[in-house]
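Student: I am new to this structure. Can you show me how to read a few of its features?

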Amino acid sequence: DTAVSQTPKYLVTQMGNDKSIKCEQNLGHDTMYWYKQDSKKFLKIMFSYNNKELIINETVPNRFSPKSPDKAHLNLHINSLELGDSAVYFCASSQAAGSTDTQYFGPGTRLTVL
Amino acid sequence: QKEVEQDPGPLSVPEGAIVSLNCTYSNSAFQYFMWYRQYSRKGPELLMYTYSSGNKEDGRFTAQVDKSSKYISLFIRDSQPSDSATYLCAAGGYNKLIFGAGTRLAVHP
């Protein structure tokens with residue numbers, strides 16, 4: 001009974017393709033996040049949703065589009081993949097939107113763009 | 001300048017050593033500070049959480065915050081090989097966490 005799960009775990013694709021990563025949390029949390037972790041382990045927030053509404057949208061290319069069909073799911077769709085998109089993408093969730101709440105991270109999706 | 005600076009290491013210590021991990025931050029609006037631990041090929045997990053200046057202890061771990069100098073530290077006593085991981089500091093504010101680059105720690109027997 002994984003708290004925050006992501007699929008797929010690994011994704012290898014060609015430049016220019018479109019791909020999606022799915023995230024689900026069974027913690028009953030209201031807020032979900034997408035983070036990008038580059039090869040130097042630097043973890044940076046991309047998006048945050050609270051009750052299906054976008055509350056944080058960092059400076060991310062508009063090729064990245066998050067979608068939250070319900071508060072337990074937050075998917076990330078990436079169009080026209082580029083080499084620089086290669087990274088590990090982490091989904092996380094927290095009880096509420098305030099960043100005082102503990103964020104629980106998924107296992108990550110390792111994306112490799114060739 | 002990154003909002004949260006952290007030396008990426010790597011740091012290699014013998015088992016039983018005291019480890020000191022440090023970060024600095026630039027934004028005085030940050031109000032709370034966290035340390036996350038990330039094992040290889042896993043997601044980060046919360047280790048320690050502090051609001052105010054001073055020390056907070058949990059077992060072998062002590063988190064220290066000095067808001068006047070914008071400095072945060074994590075001390076690990078009696079380090080174990082199982083402590084080998086990347087340690088990420090984070091500062092909270094504006095509904096989001098800003099993470100440092102992470103310090104990779106290796107504790108060898």
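Tutor: Start with strands. A strand is a DSSP run of E with at least two residues, numbered from the N terminus. The model here is predicted. In chain A, the loop between β5 (43-50) and β6 (53-57) holds A:Asn51.

Student: What is the phi of A:Asn51 near?

Tutor: Near 50°, a positive value in a residue other than glycine.

Student: Is A:Asn51 buried, exposed or partly exposed?

Tutor: Buried means under 20% relative accessible area, and exposed means over 50%. A:Asn51 has 38%, so this residue is partly exposed.

Student: Where does B:Asp78 lie?

Tutor: In chain B, in the loop between β8 (71-76) and β9 (85-93). Phi of B:Asp78 is positive, near 45°, and the residue is not glycine. With a relative accessible area of 41%, B:Asp78 counts as partly exposed.

Student: Now peptide bonds. Which residue does a cis peptide bond join to A:Pro8?

Tutor: A:Thr7, and omega is about -5°. A:Pro8 sits in the loop between β1 (4-7) and β2 (10-13) of chain A. In chain B, the bond from B:Gly9 to B:Pro10 is cis, with omega near 10°. B:Pro10 is in the loop between β1 (4-6) and β2 (11-14) of that chain.

Student: Which residues gather in a patch of positive charge on the surface?

Tutor: Lys and Arg count as positive. The patch brings together A:Lys9, A:Arg110, B:Arg41 and B:Lys42.

Student: Where is A:Arg110 placed?

Tutor: In strand β11 (residues 109-113) of chain A. Its relative accessibility is 32%, so A:Arg110 is partly exposed.

Notes. Residues numbered from 1 in each chain as written. Chains lettered and ligands numbered in written order. Predicted model: local features only at pLDDT ≥ 70, side-chain atom pairs only at ≥ 80, totals over all residues. Heavy atoms only, no water. Patch = residues over 30% accessible without salt bridge, like charges linked within 9 Å, V, L, I, M, F, W, Y side chains within 5 Å. Areas by Shrake-Rupley, 256 points an atom, 1.4 Å probe, with all protein chains shown as cover. Salt bridge = Lys/Arg side-chain N within 4 Å of Asp/Glu carboxyl O. Charge placed at Lys NZ, Arg CZ, Asp CG, Glu CD. Helix = DSSP H or I, 4+ residues; strand = E, 2+ residues; numbered from the N terminus. Buried < 20%, exposed > 50% of the residue type's maximum accessible area, 1.4 Å probe, protein only.
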